Amino acid sequence: AVLSHRAIQAQVSSLVQAWGWTRHDGVLHVLPLHHIHGIVNVLTCPLAVGATCVMLPKFDARQVWRHLLSNARVNIFMAVPTIYMKLIEEYENNLNRQGRRSQRHLLQ
């Protein structure tokens, strides 16, 4: 289906209001840009209010954790179940087992 500019604008306006997006927000964007959630919800919404959108060149669970733990500009993260599973696996395999030592390594 093809969405009109008016439909996209209505969706963005509704989501900005419902989620309370402001120019002070920062989102870590790891979703594909060929999907409505990635391009409208996680890219267009923050840009519409002047928020920061940090883009990674590709999804990498270790890099996502690095940004989430150390990037003060990022206060919002949205993903899909598969990505959350990959993040949990990374946490359990590399962060949780080795404790703080691994977390320090992750931040370097």
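Visitor: Why does I39 count as partly exposed?

Guide: This is a predicted model, and in it I39 has a relative accessibility of 35%. Buried means under 20% and exposed means over 50%, with partly exposed in between. The value for I39 falls in that middle band, so I39 counts as partly exposed. You will find I39 in helix α2.

Visitor: What makes the nonpolar surface patch?

Guide: L3, L33, I36, I39 and M55 make the patch, which comes to about 410 Å². A patch residue needs over 30% relative accessible area. I39, at 35%, passes that cut-off, so I39 can take part.

Visitor: How do you know that E90 is buried?

Guide: Its relative accessible area is 13%. Buried means under 20%, so E90 belongs in that class. Helix α4 has I83, L87, E90 and L95 as its buried residues. Helix α4, residues 81-96, also bends by about 25 degrees at E90.

Visitor: Why is the contact between E90 and R62 called a salt bridge?

Guide: Their side chains meet at 3.3 Å, N to O. The definition asks for a side-chain nitrogen of Lys or Arg within 4 Å of a carboxyl oxygen of Asp or Glu, so this pair qualifies. The structure holds one salt bridge.

Visitor: What does the pair tie together?

Guide: E90 lies in helix α4 and R62 in helix α3 (residues 61-70), so the pair ties together parts that are 28 residues apart in sequence.

Visitor: Is R62 buried or partly exposed?

Guide: R62 is partly exposed, with a relative accessible area of 27%.

Visitor: What makes β1 and β3 a pair?

Guide: β1 and β3 (residues 76-77) have two bridges, which meets the requirement of at least two, so they count as paired. The sense is parallel here as well. V27 stands opposite I76, and L28 stands opposite F77.

Visitor: Why is one side of β2 and of β3 left without a neighbour in the sheet?

Guide: Three strands form an open sheet in the order β2-β1-β3. β2 and β3 stand at the edges, each with a single partner strand, so one side of each has no neighbour in the sheet.

Visitor: What covers the picture for strand β1, residues 26-29: which residues are buried?

Guide: G26 and L28 on one side and V27 and H29 on the other are all buried, so by the under 20% cut-off both faces of β1 are covered.

Visitor: Which elements does the whole protein chain have?

Guide: The chain comes to five helices and three strands, running α-β-α-β-α-β-α-α from the N terminus on. Of its 108 residues, 36% are buried.

Key
Residues numbered from 1 in each chain as written. Predicted model: local features only at pLDDT ≥ 70, side-chain atom pairs only at ≥ 80, totals over all residues. Heavy atoms only, no water. Buried < 20%, exposed > 50% of the residue type's maximum accessible area, 1.4 Å probe, protein only. Helix = DSSP H or I, 4+ residues; strand = E, 2+ residues; numbered from the N terminus. Bend = angle between axes of the 7 residues up to and from the residue. Patch = residues over 30% accessible without salt bridge, like charges linked within 9 Å, V, L, I, M, F, W, Y side chains within 5 Å. Areas by Shrake-Rupley, 256 points an atom, 1.4 Å probe, with all protein chains shown as cover.
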